[in-house]
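Subject: Handing over the structure

Hi,

Here is the structure I promised to pass on.

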Amino acid sequence: MNQKTINKWRVVFGVAVAAIIFLGASLRQLVNFIVNIQWFSKHQYIETFLIKIWTEVGVLIPIWVLFTLLLYRYLIRQRRKYYKNAHLVKSKEEDKWFTRGMRFFSVVIAGSVGWSISKSIWFKLQLFMNGAAFGETDPIFHMPIEFYMFKLPLYQQLLSIGIFVTFLMMVIVIGFFMVLLIIRPPTEGSMYDAGKLKWPFPIESLISVFQRNMIAPAIHKIALFGMMIFLMIGAKYFLMTYELMYSSKGVAYGASYTDIHVTLLGYRVAGIIAILGAFTFAYGVLKGHKKLVSFGPILLIIVTVVFGITGLVVQQLVVEPDEIAKESAYLSHNIQYTQKAFALDGVVTEEFPVEQNLTRDVLDANAATVDNIRINDARPLKQTYNQIQGIRLYYVFNDIDVDRYEVDGEYSQMFISPRELDQEKLADQAKTWLNEHLKYTHGYGVAMSPVNAVTNDGQPVLVMKNVPPISTTDLFITRPELYFGEKTDQYIIVNTDEPEFDYPSGSDNVTTRYEGDAGIPLDGMNKLLFAYRESSMKLLVSSAVNSDSRIVIYRNIIERVRRIAPFLIYDSNPYLVLNQTDGKLYWIIDAYTSSEYYPYSQPFSFNGFKVNYARNSVKVVIDAYEGTTTFYIYDETDPVVQTYSRIFKDLFTSQSELTEGLKSHIRYPQDYFDLQTEVYRGYHVNNPVVFYNGEDMWDVANEKYMDGIQPIESNYVMYKLPDASEKEFALIVPYTPREKPNMTSLLVARNDGDDYGKLYMYKFPKDKTILGPLMIEARIDQDSTISPQFTLWGQKGSAVLRGNLIVVPIENSLLYVEPIYIKADNPNSLPEMKRVIVAYEDKVVMEATLDQALDRIFGDVRKNPVVSESEDDVMKALEELKQLFRENQENMIRLEEQIQELENLLQP
């Protein structure tokens, strides 16, 4: 075998090894790609999945090809010049491997650069091309808002890429010359003076070579690279003028007086100097004029320093002595644009007189509100649900949600929670592959109870309970199985030869077979594909998996929606809905469009993201049985979601296609309301002078909750607004003046019908003190009847836990309601709702039921008052007092006996 054949086989072997290494490294990515293609196609979101790929490929291929050709041609030319100056003559055969290496290097570098660029700009490029108009401009440059939201980010990214590529080329130029010196040493007598360049190179010789042979021959390249850098610096300064809309140097976010009158001018001057410096630098390098070369950099430094100092002087001597007058216009811009960015510019402000003129007749006229006052809390209820409705250890109630339902003809607030199956809670011996992926596949049913009722033992009144579900009302479930949820983290395989566990029945288990359409068929190569993806040989060899079996992945609903639309922010509290039309269970997740590029808007932290623009524009509905996931646009006026719908054409569905059964359960989300509440603490003020002085800053009211003090949580309530004719589902939060306990206002978000999303601010009179939640809590603690009762319960090995204090507006008055829980010092004990405290004006009472507390304050004029439960509670309290007295007597007797024994021991 001749040398040529040997070399050929070496090449083949090398290519084969490289191919194997490449395939091994990229096989998982390839498998995941094939799986995602099938999964997105199954859910009819294939365009949403492919748009990212097509955009990246559309950016990558031209950059890769063009950069490869340019770089390779450049390296060839550099080598040719080097050979000429080094007095080297190499044949094509001698340079064959070197040429191949250059070609390979060019392809790899260009591909890496193209891949990095395509990954970083694909989404910004799509926003740039599809951006919808806001119909408004910024107040300084009068540029459209969409310029800042959709175009400026791309310009900034492209500029950063340009600077990076320029520096990369400089590194390649230097690196390539070093490689030539090493692998192709110049001959003696050449201009590179090879005699001085014996490897390793002395530093003096290396510097000499660079001076003579890098700087002089590469003078045109230095001029070109320098010119490009200066031009990009100039462009950067001009972009920075628009970035002043995000300045944080002044008294408020956005451009301030100093920014507009000093910094803006400085940026423009520096930009012009940088552009002029680009040409003077190039000309100076080419002509050897050192002064011209240094002109641009030196002048740029001088301008930066001068304008920096000028800005400090203007701020200290011009602005701060007269800051209100100088910054007033810019404060107004900040207030106006922050309110717009967080949808607070449409808040309806109304005066709420707080006349406190409630009577029994007024309460009876507002019975719909009174009957829906919440006297139970989700947190203690979660523990109760898990203990009394968990049924088995592997069932878990992960969260308790509040919603409204038509129950036996009454529009009522209800607690609802799904009974999910948590595979982590299976017994250790039951945690087998078959059980986790084929058998224990789903949760079952829900527990549901009204917010306004408890049993005699202080436990929730369950209207939907047990497995299979039992309903005590006209609510019904046709599909209680929960294949998708918040605890469904494992993949499962359905339609296997192994029957699925459905629910326990006594000492036996009822089994079932999945009848839905979810999952990807495990036929053909899919079985091998998913076995590799899940790293499970059992999946491949299991006899229970047949040709009809389907694998269901991404069952966790948050992972599911993020997989489909990762560019949205998702609510931290998905909630389950029992559709009263078809009896099926659905998850609803609120999704948000957001940005940090809205001009003049103050940034806030929102669900782990920094945003200065946010809209609750999307509602995601997931079928808990089928996994069908639908993204409904719920705010069609939002330009960001309009832009997304242009990019992802198969993703969004119109709100009009949402069924009435689900539409009636759409809630104004607490996460978004809490964000608006935080923003509105300061940005309810429209007067820039008042805003500057912080004269009317608010705090969210505090309350005593459980065994600590916390800001009061926004609460879903059901009541009749002052201008409404019927009760409605609303979300409210009370404000107090900053660091003061009295209440100043209520922020209300409406949830029902055409009024959904409307925000109301009910302001209380400033000429009288309106009791805030902490003031009510203080009165409770000081009450001569209630406080001793708390102490008594606490002495008996129990803890007194206080629920949410609910502020209930009724006509022009305010009522305060707080449930009280008793929990024994036993880890397995349940918190029991034992009392309800009602406060009104200077009256604070605590009774066993809400009705009895209201009777104490307003009198009972009803014909058939319910008193039996109260009498039972009174008798129980008396027995508790008697028992405590007996225990104390026994303790005193034992203490006296012990003292007597001690005295006897001490006697001589």
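This is a predicted model: local features need pLDDT of at least 70, side-chain atom pairs count only at pLDDT 80 or more; totals for chains, interfaces and linings use all residues.

Residues are numbered from 1 along each chain as its sequence is written, and side-chain values use heavy atoms, with hydrogens and water left out.

Start with helix α9, residues 323–341. (Helices are DSSP runs of H or I with at least four residues, strands are runs of E with at least two, and both are numbered from the N terminus.) Its 19 residues reach 26 Å from first C-alpha to last, close to the expected 27 Å; the expected span is 1.5 Å times one less than the number of residues. There is a bend of about 40° at Ala329, taken as the angle between axes fitted to the seven residues ending there and the seven starting there. Just past the end of α9, Ala343 has a positive phi of about 60°.

Next, find helix α19, residues 670–683. Its 14 residues span 19 Å, close to the 20 Å expected. Eleven of the 14 are buried, meaning under 20% relative accessible area with a 1.4 Å probe, protein chains only (over 50% is exposed, in between is partly exposed). Among them are Tyr672, Phe673 and Gln676. Helix α19 is also one of the elements covering the buried residues of α9.

Why does Gln676 count as buried? Because its relative accessible area is 0%. Leaving aside neighbours within four places in sequence, Gln676 is in contact (heavy atoms within 4.5 Å) with residues including Phe342, Ala343 and Tyr735. Phe342 is 334 residues away along the chain, yet the C-alpha atoms of Phe342 and Gln676 are separated by 6.6 Å. The Gln676 side chain also makes a polar contact with the side chain of Tyr668, at 2.6 Å. (That's a pair of N or O atoms within 3.5 Å; within protein, one must be able to donate a hydrogen and the other to accept it, and residues adjacent in sequence count only if both atoms are side-chain atoms.)

Finally, look for the open sheet of three strands, ordered β11-β15-β14 with antiparallel pairing. Strands pair if DSSP finds at least two bridges between them. The edge strands are β11 (492–494) and β14 (520–521). Two bridges join β14 to β15, and Ile520 has Ile551 as its bridge partner.

Cheers
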